[in-house]
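Subject: Structure for you to look at

Hello,

Here is the structure I said I would pass on. Please open it beside this message and follow along.

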Amino acid sequence: MQDTPTSDLGSLKQEIIAAASAAEDERALESVRIAALGKKGSISERLKALGSMSPEERKLAGAELNALRDGVSLALEARRAELREASLAERLRSETVDVTLPPRPEPAGTVHPVTQVWQEAIAIFADMGFSVAEGPHIETDWYNFGALNIPPEHPARQEHDTFYFYPRPGSNDRMVLRTHTSPVQIRSMETTKPPIRIIAPGRTFRSDSDQTHTPMFHQVEGLVIDETTHLGHLKGTLEDFCKAFFEVDEVKMRFRPSHFPFTEPSMEVDIGCAWEGGELKIGGGDDWLEILGSGMVHPNVIRAGGLDPEVYQGFAFGMGIDRIAMLKYGIPDIRPFFEADLRWLRHYGFSALAVPSLAEGLSL
Ligand code: 2NL
């Protein structure tokens with residue numbers, strides 16, 4: 001019941017504001033706004049009716065209606081802000097994300113023990129200032145044997161120890177699958193002016209197969225060459241390596257005289273160990289485990305690398321990655337290393353997210 005544009009303005013305002021307060025979301029509130037201020041809204045209709053009034057009446061009624069429109073607009077805007085804040089609060093409450101949950105799906109693969117130990121060795125030697133060097137798997141006779149002071153009649157060169165092959169049928173250019181990573185160090189000597197501090201981790205090949213040998217296996221060799229490098233440096237380096245690798249504070253070591261064509265003198269290195277309750281404990285004890293071979297680089301090998309043995313000397317060492325992986329992680333048989341059995345990999349594998357580092361731990 002609308003007699004004049006300005007009748008019952010007070011209750012109209014109350015009605016609109018009550019409807020705005022009752023609106024539960026922004027869509028409902030928008031309907032309230034349209035019903036009041038839209039083209040055919042209750043306030044708009046009254047503003048239109050001003051046209052049929054006398055100028056004096058219109059002046060008074062216009063001021064009243066404008067005040068009503070402004071008041072209602074402010075009230076609607078305030079309610080809109082209130083609803084917006086409430087809906088944001090509700091989203092923040094209901095859409096929480098627990099960032100501490102593990103990723104999904106669960107990681108499926110594991111890091112192979114060979115890869116793990118390979119990376120552990122790199123982490124340890126890199127920390128001592130060594131660089132990593134790599135080279136080809138297919139080598140010439142010279143880089144694999146000749147340059148290493150291994151004479152033509154040496155048993156290692158025999159057909160039953162070494163894989164020989166001819167890249168082209170009927171050709172004389174016989175090649176070998178490298179039997180150790182030493183060729184990598186020879187190549188480094190040729191291209192690097194001392195001081196040289198490198199390790200060469202990689203695949204190696206020998207025609208051999210039983211419980212402890214596979215035709216393909218992995219080695220890491222090290223080479224240090226400078227003008228005054230001596231046996232004390234060799235012993236200190238290898239002692240630090242053993243402590244870091246086996247993650248023990250003290251390790252009993254024995255340097256046993258041996259023979260390699262490429263080193264003079266040559267030593268095999270044993271570490272103390274003990275069997276306790278069916279488990280191998282490394283570091284102390286009355287038993288010995290051979291873990292690597294080492295020595296001072298033979299002058300003939302320094303010369304073969306293009307350096308003057310009257311000026312330069314150094315040490316070298318080599319160890320089997322697969323073998324020290326078996327020792328450190330208690331793996332009894334080498335053959336499953338290369339059988340790709342998922343059950344074995346799940347049992348002996350490592351988390352891909354735990355990258356070995358001296359700061360965070362080698363094997364967490
Ligand atoms: C072992 C013994 C060894 C080397 C490897 C080497 C390399 C160059 C010069 C001299 Cl370029 N030596 N390597 C030296 C001593 C021992 O390996 O029993 N490996 C499993």
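I start with the second largest pocket: its lining has ten nonpolar, one polar and three charged residues. In total, 14 residues line this pocket. Those nearest its centre are Leu280, Met326, Leu327, Lys328 and Gly330. Two elements, β9 (279–282) and α10, each supply at least two residues of that lining. The volume of the second largest pocket is about 330 Å³. Please keep in mind that this is a predicted model.

Next, the largest pocket. The space in it comes to about 1300 Å³. Its lining is made of 50 residues, and the closest to the centre are Arg206, Phe217, Gln219, Gly318 and Gly320. Sorted by class, these lining residues are 22 nonpolar, 19 polar and nine charged. Several elements each supply at least two residues of the lining: α7, β6, β7 (253–260), β8 (263–276), β10, β11 and α10 (321–329). Which of them gives the most to the lining of the largest pocket? That is β10, with seven residues.

What takes up the space of the largest pocket? The ligand does. Around the ligand there are 17 residues, and the closest are Gln219, Glu221, Gly293, Ala316 and Gly318. By class, this shell has nine nonpolar residues, seven polar ones and one charged one. The elements that each supply at least two residues of the shell are α7 (182–191), β6 (216–226), β10 (287–297) and β11 (313–320). For the shell around the ligand, β11 gives the most, with four residues.

- Glutamate 221: an N or O atom of its side chain is 2.8 Å from a nitrogen atom of the ligand.
- Glycine 318: a polar backbone atom is 3.3 Å from a nitrogen atom of the ligand.
- Glutamine 219: a polar side-chain atom is 3.5 Å from a nitrogen atom of the ligand.

How much of the ligand does the protein bury? Taken alone, the ligand exposes 480 Å², and the protein buries 88% of that.

Finally, some points about the backbone. The peptide bond that runs from proline 194 to proline 195 is cis, and its omega is near 5°. Proline 195 sits in the loop between α7 and β5 (196–205). A cis peptide bond also runs from glutamate 264 to proline 265, with omega near -5°. Where does proline 265 lie? Proline 265 is in strand β8, and β8 is one of the elements that line the largest pocket.

Glutamate 247 is worth a look too. Its phi is near 55°, which is a positive value in a residue other than glycine. You will find glutamate 247 in the loop between α8 (231–246) and β7.

Then go to the lining of the largest pocket, where β10 gives the most residues. After that, turn to the second largest pocket, with Leu280 and Met326 among the residues nearest its centre.

Regards

Note on methods: Residues are numbered from 1 along each chain as its sequence is written. This is a predicted model: local features need pLDDT of at least 70, side-chain atom pairs count only at pLDDT 80 or more; totals for chains, interfaces and linings use all residues. Side-chain values use heavy atoms; hydrogens and water are left out. A residue is near a molecule or strand if one of its heavy atoms lies within 4 Å of it. A polar contact is a pair of N or O atoms within 3.5 Å; within protein, one must be able to donate a hydrogen and the other to accept it, and residues adjacent in sequence count only if both atoms are side-chain atoms. Accessible areas come from the Shrake-Rupley method with a 1.4 Å probe; for residues, only the protein chains shown count as cover. On a 1 Å grid over the protein atoms alone, a cavity is a set of points where a 1.4 Å probe fits but cannot get out, and a pocket is an open set with protein on both sides within 12 Å along at least five of seven lines; lining residues have an atom within 4 Å of a point. A molecule sits in a cavity or pocket if more than half of its atoms lie within 2 Å of its grid points. Ala, Val, Leu, Ile, Met, Phe, Trp, Tyr, Cys and Pro count as nonpolar, Asp, Glu, Lys and Arg as charged, and the others, Gly among them, as polar. Grid points are joined across faces, edges and corners, and a volume is the space filled by probe spheres set on the points.
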